[in-house]
Amino acid sequence: MKLKDQVAIVTGGARGNGFAIAKALASEGCNVVLGDICQDIATVPYPMSTQADLDAAASAIGALGVKTLAVRCDVRSDAEVKALVAETLKTFGKIDIAVANAGVTSLIPVVDMDEATWDDTLDTHLKGTFLLARHAVRPMIDAHAGKFVAISSVGGQRGFGMGSHYCAAKHGILGFVKSLAMEVADHNVNVNAVCPGTVWTPMMQGLAAHFGMEQEEAKEQFCEGHLFKDREITPEDVAQAVLWLCLPESRCVTGNLITVDSGWTAAAG
Ligand SMILES: NC(=O)c1ccc[n+]([C@@H]2O[C@H](COP(=O)([O-])OP(=O)(O)OC[C@H]3O[C@@H](n4cnc5c(N)ncnc54)[C@H](O)[C@@H]3O)[C@@H](O)[C@H]2O)c1
């Protein structure tokens with residue numbers, strides 16, 4: 001148990017990649033606080049997790065033998081992220097790991113995109129990452145130890161037509177991670193990003209359903225750039241990269257990224 005009695009916050013932890021990350025951390029003995037919005041966002045064309053999803057995720061993590069907390073939190077709100085961190089500190093007295101994972105997506109050409117869609121996407125990914133760092137990294141600095149991991153994407157390394165808002169946010173996260181790493185290295189805090197390729201989570205399933213696409217056909221289309229044709233990237237694959245960035249083994253890795261994309265960006269480069 002390499003993370004026994006440590007404490008992690010995972011945003012967007014009710015399902016998909018966030019839930020798998022929480023499970024992976026818990027499997028190493030880490031207590032996990034799951035934050036999730038628990039209500040739909042008008043500009044996102046598929047449902048967000050519900051309070052029941054969040055509670056079920058926390059129960060499943062708790063069944064792994066660690067302590068958990070489920071906190072309704074919209075990462076676009078400074079007050080709500082501040083409250084998430086405060087509740088974590090009140091319950092556990094410290095934060096060792098923070099994972100900025102909450103995210104949304106949609107596919108819209110720039111000329112057709114309204115301001116609210118742009119704002120909701122940038123605010124969830126980029127501002128949400130900033131707000132989690134703003135509140136969760138201070139206790140890490142005070143403790144002279146910590147790991148901050150942000151979930152970017154292949155969309156943080158290349159463009160996607162109709163994904164300008166998502167790619168802008170995911171590129172921005174990589175710049176943020178490098179800069180924050182420079183600020184906190186003297187305080188023994190590591191800051192890194194993980195960039196997944198296509199993972200068939202409720203996000204991608206919801207997007208396919210919104211466009212009336214058949215799921216298997218949509219998956220094939222969205223995974224077309226992956227080099228391994230005989231395997232899917234799972235949330236657990238993403239979670240293992242995050243887990244490694246939270247372990248002592250990665251102590252000399254900071255301001256960097258791990259790309260879990262089945263070779264997609266290598267072939268596109
Ligand atoms: N699925 C993919 O193919 C893929 C690829 C690359 C990167 N990612 C990234 O992985 C992360 C997780 O995505 P996923 O695929 O698991 O999606 P998902 O939709 O399955 O899960 C995202 C979770 O975040 C929550 N959430 C959304 N907006 C929120 C907000 N404002 N505040 C708090 N919680 C919020 C949702 O309720 C949901 O529980 C995202 O940052 C996403 O961009 C996903």
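A residue is classed as buried if 20 or more other C-beta atoms lie within 10 Å of its own, as exposed if 12 or fewer do, and as partly exposed in between, with C-beta atoms placed from the backbone. The model is predicted: local features need pLDDT of at least 70, side-chain atom pairs count only at pLDDT 80 or more, and totals for chains, interfaces and linings use all residues. Residues are numbered from 1 along each chain as its sequence is written.

Two loop residues were examined for backbone geometry. Most residues other than glycine have a negative phi. Cysteine 38 has a positive phi, near 60 degrees. Cysteine 38 sits in the loop between β2 (31-36) and α2 (51-62). Helices (H or I, at least four residues) and strands (E, at least two) are DSSP runs, numbered from the N terminus. Cysteine 38 is partly exposed because 19 other C-beta atoms lie within 10 Å. Asparagine 188 is not a glycine, yet its phi is positive, about 65 degrees. Asparagine 188 belongs to the loop between α5 (164-184) and β6 (189-196). With 14 other C-beta atoms within 10 Å, asparagine 188 is partly exposed.

Helix packing was then described. Two packed helices are described by the angle between their axes and the distance between the axes. Axes are lines fitted to C-alpha atoms, for helices over the stretch in contact, and angles run from 0 to 180 degrees between N-to-C directions. The axes of α1 and α8 (residues 235-246) are 8 Å apart, at an angle of about 50 degrees. α1 and α8 are therefore oblique to each other. Angles under 35 degrees count as roughly parallel, over 145 as roughly antiparallel, 65 to 115 as roughly perpendicular, and the rest as oblique. The α1 and α8 crossing is right-handed. A crossing is right-handed if the near helix is turned clockwise from the far one by less than a right angle, and left-handed if anticlockwise. On the α1 side, Gly16, Asn17, Ala20, Ile21, Lys23, Ala24 and Leu25 take part; α8 contributes Pro235, Glu236, Val238, Ala239, Gln240, Val242, Leu243 and Cys246. Contact requires C-beta atoms, placed from the backbone, within 7 Å. This contact has 10 nonpolar, 3 polar and 2 charged residues.

Valine 238 lies in helix α8. Valine 238 is buried, with 26 C-beta neighbours inside 10 Å. Leaving aside residues up to four places away in sequence, valine 238 touches Asn17, Ala20, Val194, Pro196, Val199 and Val260. Its C-alpha atom is 8.3 Å from that of cysteine 195, 43 residues apart along the chain.

Serine 262 occupies the loop between β7 (256-260) and α9 (264-268). Serine 262 is buried, with 22 other C-beta atoms within 10 Å.

Key:
Two residues are in contact if their C-beta atoms, placed from the backbone, lie within 7 Å. Ala, Val, Leu, Ile, Met, Phe, Trp, Tyr, Cys and Pro count as nonpolar, Asp, Glu, Lys and Arg as charged, and the others, Gly among them, as polar.
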